[in-house]
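Here's a quick tour of some strands and helices. Have a look at the model first, then read on.

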Amino acid sequence: ALTPELKGLLAGQIARALAVFCVDEVVIFDDGQGNQRQSDKQSYHQNGDDGYTGYSDPNHFLIHLLSYLETPPFLRKHLFPMHPNLKLAGSLPSLDMPHHLRSNEWCRYREGVTIGQQTEEHGKKKKRRKDDMPPEELTLVDVGLSQKVSVPASIPPHTRVTIELPDDREVFDSERSTVAASAVAPSTPREEAGYYWGYTVRAAPSLSAVITECIYPGGYDLTFGTSERGAPISDLTKQTPNQSQVPQFNHLLIVFGGVAGLEAAVEADDELRKLGVKEPKNLFDYWVNLCPGQGSRTIRTEEAIWLG
């Protein structure tokens with residue numbers, strides 16, 4: 001993408017694909033081809049002193065916009081200060097994921113942002129005796145409802161948290177200014193209630209780091225590399241008399257290359273060079289072609305994601 005408008009459109013297309021297919025994690029890795037894109041910068045880059053990173057650091061730009069789009073709309077003003085990368089944010093598509101709740105929608109879980117701390121009894125001050133227990137620290141959280149919620153923990157302001165609300169909905173119809181709730185792990189809505197709860201964004205300095213810096217214990221247990229030189233994806237759907245060829249998995253990884261392909265990323269990876277890895281297909285459990293017989297010489301990354 002050559003213009004800021006097109007760069008934003010590309011990020012929006014990728015974010016839509018991540019949301020539609022319920023992707024849990026997206027990793028933006030450096031394929032080592034940055035120096036070969038200087039012509040784009042020289043033709044369209046406008047100074048860049050204003051902090052816009054669409055040309056100077058495309059990986060940062062994409063991470064910035066993907067993170068922004070994943071965040072529930074009412075939280076964005078709290079978590080994302082004004083920035084040149086977000087100048088065209090109004091034209092980005094809506095993801096409308098399950099955790100992008102409106103104020104009139106009910107869900108047991110909500111995303112929120114911490115806005116301050118208070119002591120027990122809703123911040124009311126009272127004289128303490130020497131033998132009194134220290135007051136419990138409570139943190140106020142804005143979850144997009146008319147009332148704020150309080151959680152029994154000390155959390156710094158402007159921190160995004162996942163909140164589990166009480167089962168009694170009537171407390172939110174009362175005149176109470178705050179409602180007691182609990183802070184839970186971001187994975188809880190998915191693990192406990194089966195909700196798709198958005199994606200996390202991770203940066204990797206190289207292709208090898210995508211795999212070695214995996215955030216899941218035990219790593220990815222099933223990996224796919226994509227290339228026009230891979231085996232047709234249809235081969236994997238063929239079943240043997242007993243089972244499908246694709247095994248069961250907990251964490252599946254699909255890796256898409258840039259215009260130059262994953263081959264170029266392998267050549268630019270110092271760690272892989274030290275290990276003597278020359279063919280990208282040796283890094284993955286499956287090396288597949290998502291679109292056999294393609295009518296164009298190249299399939300763009302944002303197009304391949306929808307195919308995958």
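Let's start with Thr223, which is found in strand β9; strands here are DSSP runs of E of at least two residues, helices are runs of H or I of at least four, and both are numbered from the N terminus. This is a predicted model, so local features need pLDDT of at least 70 and side-chain atom pairs count only at pLDDT 80 or more, while totals for chains, interfaces and linings use all residues. Residues are numbered from 1 along each chain as its sequence is written, and side-chain values use heavy atoms, with hydrogens and water left out.

Is Thr223 buried or exposed? Thr223 counts as buried because its relative accessibility is 6% (buried means under 20% relative accessible area, exposed over 50%, partly exposed in between, with a 1.4 Å probe and protein chains only). Leaving aside residues up to four places away in sequence, Thr223 touches Leu253, Leu283, Phe284, Asp285 and Tyr286; contact means heavy atoms within 4.5 Å.

Now for the sheet around it. Three strands make an open sheet with parallel pairing, in the order β10-β9-β11. β10 (252–255) and β11 (286–289) sit at the edges with a single partner strand each, so one side of each has no neighbour in the sheet. On average, neighbouring strands of this sheet are turned by 40 degrees against each other, direction ignored. Axes are lines fitted to C-alpha atoms, for helices over the stretch in contact, and angles run from 0 to 180 degrees between N-to-C directions.

Elsewhere, strand β5 (residues 160–164) is mostly covered, with four of its five residues buried. Here are two strand pairings side by side; two strands pair if DSSP finds at least two bridges between them.

| Strands | Sense | Bridges |
|---|---|---|
| β9 (residues 222–232) and β11 | parallel | five bridges |
| β5 and β7 (residues 182–184) | antiparallel | three bridges |

Last stop, the helices. The axes of helix α1 (residues 4–20) and helix α3 (residues 58–70) come within 10 Å and cross at roughly 50 degrees. That makes α1 oblique to α3 (under 35 degrees counts as roughly parallel, over 145 as roughly antiparallel, 65 to 115 as roughly perpendicular, and the rest as oblique). Residues making the contact include Ala11 and Leu18 of α1, and Phe61 and Leu65 of α3.
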